[in-house]
Amino acid sequence: MSTELDQDIGPLVDFGSLGEADRRKLLQLFITGSREEEEDGRFPRAALEKIKRIPIFTGHGGEAICLTDYNGAFWVQEEGMLGLLEESRVSSSEGVPAIVRRDDSLLPLFDQLEILELTDSMAMRRFVLPNMERMGGEQRIQVLSNHVVPHWTRYRQDRELVTQLKDTAFVPAWKRTAQALAHPTSSSPASAPASVGGEEGEDWVLTTLPMRKPKDVYSWENQALVHALSGSDEAKYFP
């Protein structure tokens, strides 16, 4: 089988009629051809780009997919990755990666096509955090609560992820109500939760100010700073 992938291959094969087993056999033939005809057993770059344009890969749900229709291609070991990607999506198609069904017999071709295992840390860095600033408040809290907080002990060891998280604007801005400013307490938004707009008796309300980056705010536990920076502008400094 020639690895030149003649441009007429498209009309000769109705890829839409191929089942998963047929697609798998055809991809295996590609691997055999590259081993037999290429000195290093690898496709030329131009041939790889042509393969990416063919709807011959099997998605995680068993459907035929074309790699060029997506933002990168991956396979997953853990089903939880799919939930993370779905919950962090901010549009129906923008920036969505292709999730290819793992097949050990096709891993040599996956390697050439740079179809990698999608780990949770990689998903966070590449797909979740870039969307964080565009998420609604409820969606952002859901992603942080379900996929960041439970794994923080492990995530905090990933220096690249922590650096990117510190530089992502997702921290809401709070402010004290007029009543609270007149009668200040040592409470913080975390200890006295409130809702947007505020209600009678609340000490804190969410503002409409832009989200802040973690690296730009201080901890409420630093009482000296809380005292020094308290007042109408304190929402600029504390999460």
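**Reading the model together**

Tutor: Let's jump in at one spot: the side chain of Asp 103 makes a polar contact with the side chain of Arg 24, at 2.4 Å. Keep in mind that this is a predicted model.

Student: Where is Asp 103 found?

Tutor: Start by placing a residue between its neighbouring elements. Asp 103 sits in the loop between β4 (98-99) and α5.

Student: Is Asp 103 buried or exposed?

Tutor: Here you read the relative accessible area, and under 20% means buried. Asp 103 comes out at 14%, so it counts as buried.

Student: And which residues does Asp 103 touch, leaving out those up to four places away in sequence?

Tutor: Asp 103 touches Arg 24 and Phe 110.

Student: How do I spot parts that are separated in sequence but come together in space?

Tutor: Compare the two kinds of separation. Gly 19 and Gly 62 are 43 residues apart in sequence, and their C-alpha atoms are 9.0 Å apart in space. Gly 62 and Glu 20 are 42 residues apart along the chain, with 6.9 Å between their C-alpha atoms.

Student: Where do the two glycines lie?

Tutor: Both are in loops: Gly 19 is between α1 (9-12) and α2, while Gly 62 is between β1 (57-58) and β2 (64-65). Gly 19 is partly exposed at 29% relative accessible area, and Gly 62 is partly exposed at 26%.

Student: Which residues does Gly 62 touch, not counting those up to four places away in sequence?

Tutor: Glu 20, Arg 23 and Arg 101. For the whole protein, take the contacts with a separation of 6 or more: residues 24 or more positions apart account for 69% of them.

Student: What about backbone angles?

Tutor: Here's the general idea: most residues other than glycine have a negative phi. Now look at Glu 114, which has a positive phi of about 60° although it is not a glycine. You'll find Glu 114 in the loop between α5 (107-112) and β5 (116-117).

Student: Is Glu 114 buried or exposed?

Tutor: The cut-off for exposed is over 50%. Glu 114 has a relative accessible area of 51%, so it is exposed.

Student: How many cavities of 30 Å³ or more does the structure hold?

Tutor: The structure has 1, and about 30 Å³ of space lies in this largest cavity. Next, ask who lines it: Met 124, Leu 129, Val 148, Trp 152, Tyr 155, Leu 161 and Leu 165. By class, that lining has 7 nonpolar residues, no polar ones and no charged ones.

Student: Which helices supply at least two residues each to that lining?

Tutor: Look to α6 (120-132), α8 (152-155) and α9 (159-166).

Student: And if I zoom out?

Tutor: Then you count elements and surface. The protein has 11 helices and 7 strands, and 39% of its 239 residues are buried. Its accessible surface is about 13,800 Å², with 50% belonging to carbon and sulfur atoms.

Terms used:
Residues numbered from 1 in each chain as written. Predicted model: local features only at pLDDT ≥ 70, side-chain atom pairs only at ≥ 80, totals over all residues. Heavy atoms only, no water. Helix = DSSP H or I, 4+ residues; strand = E, 2+ residues; numbered from the N terminus. Buried < 20%, exposed > 50% of the residue type's maximum accessible area, 1.4 Å probe, protein only. Contact = heavy atoms within 4.5 Å. Areas by Shrake-Rupley, 256 points an atom, 1.4 Å probe, with all protein chains shown as cover. 1 Å grid on protein atoms, 1.4 Å probe; cavity = no way out; pocket = protein on both sides within 12 Å on 5 of 7 lines; lining within 4 Å. Points joined across faces, edges and corners; volume = space filled by probe spheres on them. Nonpolar A, V, L, I, M, F, W, Y, C, P; charged D, E, K, R; others polar. Polar contact = N/O pair within 3.5 Å; in protein donor to acceptor, adjacent residues only side chain to side chain.
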